[in-house]
Amino acid sequence: MSDRIHTLSGYFHEYQKSVADPENFWAKIADSFHWKKRWDKTLEWDFEGPDVKWFLNGKLNITENILERHLYTMGDKPAIIWEPNEPGDPNRIITYMELYEEVCRFSNVLVEKGVEKGDKVIIYMPMVPEAAIAMLACARVGAVHSVVFAGFSSNALADRIIDCKAKVVLTSDGNFRGKKKIPVKSVVDEALEHTDLIETMIVFQRTGQEVTMKEGRDFWWHEAIEGKSKSHEAVEMDSEDELFILYTSGSTGKPKGVVHTCGGYMIYSKYTFENVFQYTPGDVYWCTADVGWITGHSYIVYGPLLTGATTIMFEGVPTYPNPGRFWEIVDKYKVNQFYTAPTAIRALQVHGTEPIAPYKLDSLKVLGSVGEPINEEAWHWYHTHIGKTKCPIVDTWWQTETGGIMVSPLAGITPNKPAFATLPLPGVQLAIMDPEGKELKGNSVEGNLCIKFPWPGMIRTTYGDHDRCKQTYFAAYKGMYFTGDGVKRDHDGYYRILGRVDDVINVSGHRMGTAEVENAINEHPLVVESAVVGYPHPVKGQGIYAYVICDMSNRTEANLVNEIKASVTNMIGPIAKPDKIQIVPGLPKTRSGKIMRRILRKIAEGNMDSLGDTSTLLDPDIVDKIIAGRKE
Ligand code: WT7
């Protein structure tokens with residue numbers, strides 16, 4: 001059954017209902033899912049704790065709503081279409097029946113390896129269908145998956161394994177990305193030198209590269225599933241049992257594990273998928289994200305599969321073997337909804353329109369954007385050259401913590417305005433706050449974006465540290481969830497996201513904590529202190545600029561810079577590598593020792609005329625020295 005909105009007046013009507021009576025609004029939507037036992041109470045909440053529970057005492061298994069639910073009506077319909085890295089290599093088309101059988105087989109493997117309800121399983125895999133099968137098999141047996149993007153380093157992986165106390169890792173031998181063949185299993189091996197929590201590792205063979213298998217701990221995926229039954233009785237889960245943990249960066253400390261639970265996430269990911277993309281049966285949908293991020297969780301795997309959609313998984317990169325690859329795939333599978341990030345659009349824009357010319361792109365109905373603010377130029381390029389001016393663009397604002405899309409047009413329904421995420425989805429009650437904690441009502445206002453009322457897909461806690469959840473999201477504004485983003489509501493009441501207002505930077509749609517990058521830089525033995533800021537970057541959105549105080553003994557600057565980059569790659573991964581590193585004699589600090597990041601940000605941006613008052617600094621002269629050595 002579908003809860004799809006069809007008209008703009010329908011949207012306003014649903015929105016009003018969702019605010020006037022949120023419980024009945026969501027209960028009606030939840031009623032169209034399969035529950036093993038219906039819930040007793042729709043919502044209990046308080047944002048002080050925070051303590052939020054949806055569909056209390058409801059019993060379900062999310063995979064029954066993906067698999068069993070679609071078997072009889074669409075068993076032979078493609079659930080996942082997998083396009084390999086190499087255009088000439090065979091693709092894979094997995095029907096709902098096959099997905100059911102593969103998930104059951106792998107569920108039986110997990111059971112055989114002793115995985116029980118509540119156990120934590122790390123998934124560190126490339127973009128192959130088995131990554132989705134792994135997620136669903138975990139959900140089916142009641143294990144909590146934590147997918148770690150396969151570009152993270154062994155240190156970052158070890159941190160996550162230790163934080164969530166995982167006992168199983170699912171991985172692959174290697175990963176094909178463009179021209180590269182990247183080792184994967186050996187990264188896990190390195191991570192496991194830091195911990196002995198992991199009892200079992202299951203390795204999917206993708207590249208055939210050499211790996212070492214540890215007797216009794218490591219098993220091949222293809223051997224493990226051999227002879228396993230293709231049926232498995234899904235474990236009964238409570239609505240508020242954990243479904244998954246996904247680590248994300250914040251302004252302080254190490255990444256935190258955002259916890260999502262079974263019932264609310266299920267309802268929210270499907271409802272938002274169907275409505276935002278206006279998915280209709282038979283459509284082919286493609287989201288280019290990686291399953292290692294929340295976009296991959298909600299809009300490659302859960303949302304589309306709960307809807308009975310055909311979802312494409314692409315193993316490769318947008319520019320291999322040439323910058324026309326995305327468009328070749330769109331034509332090949334007659335993609336109807338295409339969802340990508342502004343950074344990918346800008347990276348392709350650089351190559352002009354020639355790579356697009358050979359392709360028709362006439363199957364496209366909807367274009368989506370996610371991960372960072374989309375600049376107007378990229379918006380128009382996307383609209384004109386990819387959408388041929390006939391496809392609405394859904395600029396979807398949301399976060400790992402929100403579980404699903406929060407502010408976005410409904411495709412073809414909400415009038416677009418370039419670079420505006422437009423209006424909140426039904427059930428989403430936004431508030432714009434001024435720095436004093438007062439809500440700014442009415443139109444034409446700008447401030448910090450908060451959410452006043454719970455929605456089913458919201459974060460429940462940060463794993464193992466509930467107080468951190470409270471401090472990070474519920475402490476800045478009493479009784480509200482604070483997003484960390486700045487926002488403007490224009491004269492029409494449309495929302496435009498302005499970017500982060502905290503110490504989080506957004507590099508190619510990837511979220512990075514400045515403190516996290518600084519800690520990685522400081523691992524280098526010659527580094528005394530560092531400060532990291534973001535600056536505008538033409539393709540990445542934001543680039544990483546690092547100011548570093550070093551002991552220069554026996555090193556050239558070039559050597560040091562390379563070593564620092566290597567240190568960051570080693571501690572976090574290549575995505576966190578600074579674009580610019582400036583060795584400085586000191587940092588601008590207040591008398592109380594606080595680094596004035598505002599000044600460093602302005603210098604990185606090249607805004608040297610608007611540094612403001614620097615006379616209160618401990619050493620005002622340092623600013624001129626830093627400006628003199630600025631990296632262009
Ligand atoms: C942050 C969340 C949620 C999917 C991917 C990123 C920024 C996300 C938009 C957008 C402007 C956006 C925000 C947000 N962001 N989408 N459409 N317009 N900014 O998830 O890693 O949790 O990052 O990404 O700053 O807070 P994430």
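Helix axes here are lines fitted to C-alpha atoms over the stretch in contact, with angles running from 0 to 180 degrees between N-to-C directions. The model is a predicted one, in which local features need pLDDT of at least 70 and side-chain atom pairs count only at pLDDT 80 or more, while totals for chains, interfaces and linings use all residues. Residues are numbered from 1 along each chain as its sequence is written, and side-chain values use heavy atoms, leaving out hydrogens and water.

Take helix α5 (residues 129-141) and helix α10 (residues 294-307): their axes come within 11 Å and cross at roughly 60°. That makes α5 oblique to α10 (angles under 35 degrees count as roughly parallel, over 145 as roughly antiparallel, 65 to 115 as roughly perpendicular and the rest as oblique). On the α5 side, Ala132, Met135, Leu136 and Ala139 make the contact, and α10 brings His297, Val301, Tyr302 and Leu305 (contact means heavy atoms within 4.5 Å). Helices are DSSP runs of H or I with at least four residues, strands are runs of E with at least two, and both are numbered from the N terminus.

Now for the rings. The structure holds 42 aromatic pairs, and Trp35 with Phe55 is a tilted one, at 5.7 Å centre to centre and 50° between the planes. Rings of Phe, Tyr and Trp (its six-membered ring) pair if their centres lie within 6.5 Å; planes under 30 degrees apart are stacked, over 60 edge-to-face, and the rest tilted. Trp35 sits in the loop between α2 (22-30) and β1 (41-46) and Phe55 in strand β2 (residues 51-56), so the pair ties together parts 20 residues apart in sequence.
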